[in-house]
Amino acid sequence: MLRMRTEARPGLRWGIFGFVAAVLLTSSHPALAAPYADIMIDGNSGAVLHATNPDGQRHPASLTKIMTLYLLFEQLEAGKLHLDTPLKVSQEAAGQSPTKLGLRPGTTLAVEDAIKGMVTRSANDAAVVVAEALAGDEDEFAKLMTRKARALGMSRTVYKNASGLPDDDQVTTARDQSILGRAIQERFPRYYKFFSIRSFTFRGQSIANHNHLLGRVEGVDGIKTGYIGASGFNLVTSVHRGSRYLVAVVMGGSSAGSRDARMRELISEQIAAASTKRTAPMVAEATGSGPAPEPRVVAKVEPKPASKAEPPKPETNAAAKVEPHFVVASAVSVPMRFTPPAGPAQPAAQPVPHSQPTAARPEPSTAATSARAISGSADPIRPVLVKTVSVRAMTRASSPAHLQVAAAAREPQPAQVALTSVPSPTATAPQAGPSPAAPAPAVAKPEPLPPQSLASLPLPVSPSSAAPSAATVAPLQATSAPSEPAGASPARAAAVAPSPAPAAANKPPAHSGWVIQVGAYPAEREAKQRLSAVKSKAGKVLTGADSFTEPVEKGGTTYYRARFAGFDKDKAEAACKYLKRNDVECVTLKN
């Protein structure tokens with residue numbers, strides 16, 4: 001009996017040893033290791049320089065904190081939080097593990113310390129403090145994170161918590177993380193610098209950054225590491241070397257050392273292939289992702305405006321606001337008819353016909369088109385509205401039309417007066433008087449008269465005494481009509497200028513030469529705000545530059561590029577370098 005027990009012990013020991021060995025061998029089998037993925041993006045052009053399984057879903061681990069910080073940076077940029085704002089530490093936040101700052105429930109954590117704690121130690125308690133401050137609880141914050149991922153184009157990413165602790169449903173891809181890595185530094189250059197700190201001191205304790213490539217690989221300026229058993233060792237890296245700019249992602253490394261070695265290898269292989277000129281637009285957020293729940297500390301978690309861009313304000317129509325003696329608008333021509341009390345019959349003025357569409361401009365209202373009778377005339381004015389005519393603005397003293405109209409009122413013989421205007425290209429008009437008039441030099445840039453000029457412009461009137469003739473205002477002749485012979489009446493005020501193409505009114509002003517682009521936004525108001533902010537911190541480098549927005553369609557969504565024009569190549573590149581030194585990302589382009 002005793003002998004049997006003694007003999008059984010060695011067998012039992014060998015059995016246990018074999019079981020442990022089998023477990024170890026099985027756990028180290030490649031089939032059970034976290035799957036590998038990587039991607040290398042040229043940040044200047046947006047091109048993919050290298051990729052391995054870039055769209056395979058993986059667990060992000062602490063790369064999750066990049067999105068947590070993105071939402072926090074939004075609040076800082078909007079002024080709803082500040083770096084010294086204290087955030088409350090809850091029991092839930094203090095109980096996070098394993099990496100944390102060791103916060104105690106009921107205390108507070110400054111926003112800046114929360115940022116540094118997440119960047120260096122990857123502190124899970126700091127991440128939950130931020131989540132609860134912005135959304136009330138971590139579950140609601142995770143919904144905001146997923147919504148923001150969709151807005152940025154991260155279509156295969158789902159967030160379930162703010163820290164990256166294990167959750168089977170929390171997934172992402174290498175490509176999605178590269179988008180986020182570009183977006184956070186392009187959108188928040190001021191706060192992105194936190195990713196480059198190599199250590200920070202928190203309550204007397206020095207905490208080192210987990211990213212060991214900082215200070216060891218030329219040009220690496222961040223951004224974040226991550227690890228859980230299901231994901232392996234992950235790393236998102238940004239490299240600025242000279243004028244070259246790379247964003248790389250490695251996921252599923254077997255160890256921190258092998259992950260870092262692979263990242264070094266990718267940078268070394270691809271840096272020479274990276275472009276030196278910025279041609280890709282900034283990573284922009286799409287709209288229409290739905291309203292965000294109200295956060296607890298700040299007014300709104302997503303401070304950007306509603307999804308639809310503000311419609312452009314219609315141009316002011318002078319005829320719609322003022323009722324002068326006759327109606328002249330930027331898109332309306334008004335031939336006016338006066339019936340003399342005596343003398344030979346004059347042909348009635350007819351409306352100028354049209355055969356082409358006119359520029360899209362607001363039409364004058366019906367009430368505005370009714371004209372009042374001129375004192376001294378035999379009949380009330382009966383204006384006829386004709387499109388595609390603009391009137392050059394001029395002062396009372398220097399206006400040829402004013403001088404000629406006044407002269408016509410004093411002269412006893414009939415005279416013709418034509419307002420400086422631009423008729424329809426195909427319009428024709430009947431001869432209104434017996435004497436043809438020679439054309440005067442064409443007006444280069446006709447502009448509409450202001451309302452006060454229209455009201456003050458004198459018109460010819462019939463004299464109160466019986467006179468054999470009266471001044472006549474003739475309808476404007478079209479450019480397609482035959483040229484008037486020489487020796488025409490000197491009373492003609494100005495020549496008819498050819499009408500511009502109708503579509504020209506809808507086109508934005510052309511900007512030739514080189515331009516500087518400082519961003520692209522889904523709302524025009526955001527683009528204009530960006531232009532204003534950049535101009536305020538640009539010093540003298542943008543003096544004289546023309547700021548403008550330019551709409552562009554991308555993926556069915558309209559984005560508005562924020563640009564400055566008026567440069568040659570050298571000045572544009574010098575100005576962009578100055579802006580970059582002042583934390584403003586920009587790119588120079590030949591327009």
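A residue is called buried when its relative accessible area is under 20%, exposed when this is over 50%, and partly exposed in between, as computed with a 1.4 Å probe and with protein chains only. The structure is a predicted model, in which local features need pLDDT of at least 70 and side-chain atom pairs count only at pLDDT 80 or more, while totals for chains, interfaces and linings use all residues. Residues are numbered from 1 along each chain as its sequence is written, and side-chain values use heavy atoms, with hydrogens and water left out.

Of the 591 residues in the chain, 47% are buried. The chain exposes about 28500 Å², of which carbon and sulfur atoms supply 55%; such accessible areas come from the Shrake-Rupley method with a 1.4 Å probe, and for residues only the protein chains shown count as cover. The chain contains 14 helices and 17 strands, where helices (H or I, at least four residues) and strands (E, at least two) are DSSP runs numbered from the N terminus.

Five of the strands form an open sheet in the order S2-S1-S9-S8-S7, with antiparallel pairing; two strands pair if DSSP finds at least two bridges between them. Strand S2 (48–52) and strand S7 (220–228) stand at the edges and have a single partner strand each, so one side of each is left without a neighbour in the sheet. From one strand to the next, the twist averages 5°, with axes taken as lines fitted to C-alpha atoms, for helices over the stretch in contact, and angles running from 0 to 180 degrees between N-to-C directions. Strand S1 (residues 37–42) is joined to the antiparallel S2 by four bridges, and Ile 41 stands opposite Val 48 in S2. Helix H9 (residues 256–270) packs on the sheet, where it touches S1, S2, S7, strand S8 (232–241) and strand S9 (244–253), and its direction makes about 30° with that of S8; contact means heavy atoms within 4.5 Å.

Seven aromatic pairs are found in the whole structure. Rings of Phe, Tyr and Trp (its six-membered ring) pair if their centres lie within 6.5 Å, and planes under 30 degrees apart count as stacked, over 60 as edge-to-face and the rest as tilted. Tyr 192 and Phe 195 form a tilted pair, at 5.5 Å centre to centre and 40° between the planes. Tyr 192 counts as buried because its relative accessibility is 7%, and Phe 195 counts as buried at 0%. Phe 200 and Phe 202 also form a tilted pair, at 6.1 Å and 45°, and both are buried.
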